[in-house]
Amino acid sequence: MPVPEFVLELRRHIGHAPLWLPGVTGVVIRDEQVLLVKRADNGAWTAVTGIVDPGENPADSAIREVWEEAGVHALPTRLVWVHVSRPMVHVNGDHAQYLDHVFRMDWLSGSPYPADGENVAAQWFDIAAMPDMTEDMRRRIELAADTDSVATVFDVAGSQD
């Protein structure tokens with residue numbers, strides 16, 4: 001589902017005005033590989049991202065998003081980063097900013113495919129040989145792949161990259 005129904009309802013009232021939304025990034029790891037999807041809206045390779053539904057636990061949202069977008073079952077094992085995204089304008093003109101919860105997720109089963117129309121591809125990449133992507137997305141993946149990190153990582157005011 002590209003845009004949750006609750007967001008569509010809000011947009012009917014506020015148009016393209018900025019929205020502050022809770023988000024998730026599910027970084028699914030299998031051995032030395034990471035699951036990436038190629039977004040249909042902008043062609044970018046990313047980990048699975050999504051919006052937390054009202055009342056939904058962010059970890060449950062990550063499970064749901066990975067299944068809905070890539071057809072893969074994965075288990076969140078660690079919250080690796082909570083950060084505020086930069087303000088963005090989506091291709092449809094909607095303005096948004098996200099409080100993103102980045103989870104390391106371990107692959108359980110399933111072969112990735114673009115399951116819901118949000119993506120045009122879904123596949124495994126060696127972590128050491130990922131395609132071009134934003135520095136912010138690369139950081140999310142690197143934090144999730146770091147097996148030595150045990151603490152949640154956070155940014156203090158003014159240190160966003």
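Colleague: Okay, so buried means under 20% relative accessible area, exposed means over 50%, and partly exposed is in between. With that in hand, is Trp124 buried or exposed?

Modeller: This is a predicted model, so keep that in mind as we go. Trp124 has a relative accessible area of 13%, which is under the 20% cut-off, so Trp124 is buried.

Colleague: Nice. And what about Trp107, how does that one count?

Modeller: Trp107 comes out at 31% relative accessibility, so it counts as partly exposed.

Colleague: Now the aromatic rings. How many aromatic pairs does the structure hold?

Modeller: There are 2 aromatic pairs. One of them is formed by Trp45 and Phe125, with 4.9 Å from centre to centre and 75° between the planes, an edge-to-face arrangement.

Colleague: Why does that pair tie together parts that are 80 residues apart in sequence?

Modeller: Because Trp45 belongs to strand β3 (residues 45–46), while Phe125 belongs to strand β8 (residues 119–126). Both Trp45 and Phe125 are buried.

Colleague: And Trp107 with Trp124, why is that pair called edge-to-face?

Modeller: Their ring planes stand at 85°, and over 60 degrees counts as edge-to-face, so that is the label the pair gets. The ring centres are 6.4 Å apart. This pair also links distant parts of the chain, with Trp107 in strand β7 (residues 95–109) and Trp124 in strand β8, 17 residues apart.

Colleague: What lies over the face of Trp107?

Modeller: That would be Arg30, at 5.5 Å from the ring centre.

Colleague: Let's switch to strands. How do β1 and β7 pair, parallel or antiparallel?

Modeller: Strand β1 (residues 19–30) and β7 pair in the parallel sense, over 11 bridges.

Colleague: How many bridges join β5 to β7?

Modeller: Strand β5 (residues 73–84) is joined to β7 by 10 bridges, and these two strands run antiparallel. Pro76 has Met105 as its bridge partner in β7.

Colleague: And β6, which way does it run with β7?

Modeller: Strand β6 (residues 88–89) runs antiparallel to β7, with 2 bridges between them. Met88 has Ala96 as its bridge partner in β7. The hairpin of β6 and β7 has 5 residues between the strands, and Gly93 takes a positive phi near 95° there.

Colleague: Which residue has a positive phi although it is not a glycine?

Modeller: Asp31 does, with a phi of about 55°. Most residues other than glycine have a negative phi. Asp31 sits in the loop between β1 and β2 (33–39), and at 69% relative accessibility it counts as exposed.

Colleague: What about Thr46, is it buried or exposed?

Modeller: Thr46 is buried, with a relative accessible area of 9%. This residue lies in strand β3. Leaving out residues up to four places away in sequence, Thr46 touches Leu35, Leu36, Val37, Arg39 and Met137.

Colleague: Last one. What feature does UniProt place at residues 19–147?

Modeller: The UniProt record, an unreviewed entry, puts "domain: Nudix hydrolase" there. In the model, that span is 19% helix and 48% strand, and its end C-alpha atoms lie 34 Å apart.

Definitions and conventions: Residues numbered from 1 in each chain as written. Predicted model: local features only at pLDDT ≥ 70, side-chain atom pairs only at ≥ 80, totals over all residues. Heavy atoms only, no water. Phe/Tyr/Trp six-rings, centres within 6.5 Å; stacked < 30°, edge-to-face > 60°. Helix = DSSP H or I, 4+ residues; strand = E, 2+ residues; numbered from the N terminus. Buried < 20%, exposed > 50% of the residue type's maximum accessible area, 1.4 Å probe, protein only. Lys NZ or Arg CZ within 6 Å of the ring centre and 35° of its normal. Pairing = 2+ DSSP bridges. Contact = heavy atoms within 4.5 Å. UniProt positions renumbered as here; feature names shortened; annotations may be inferred.
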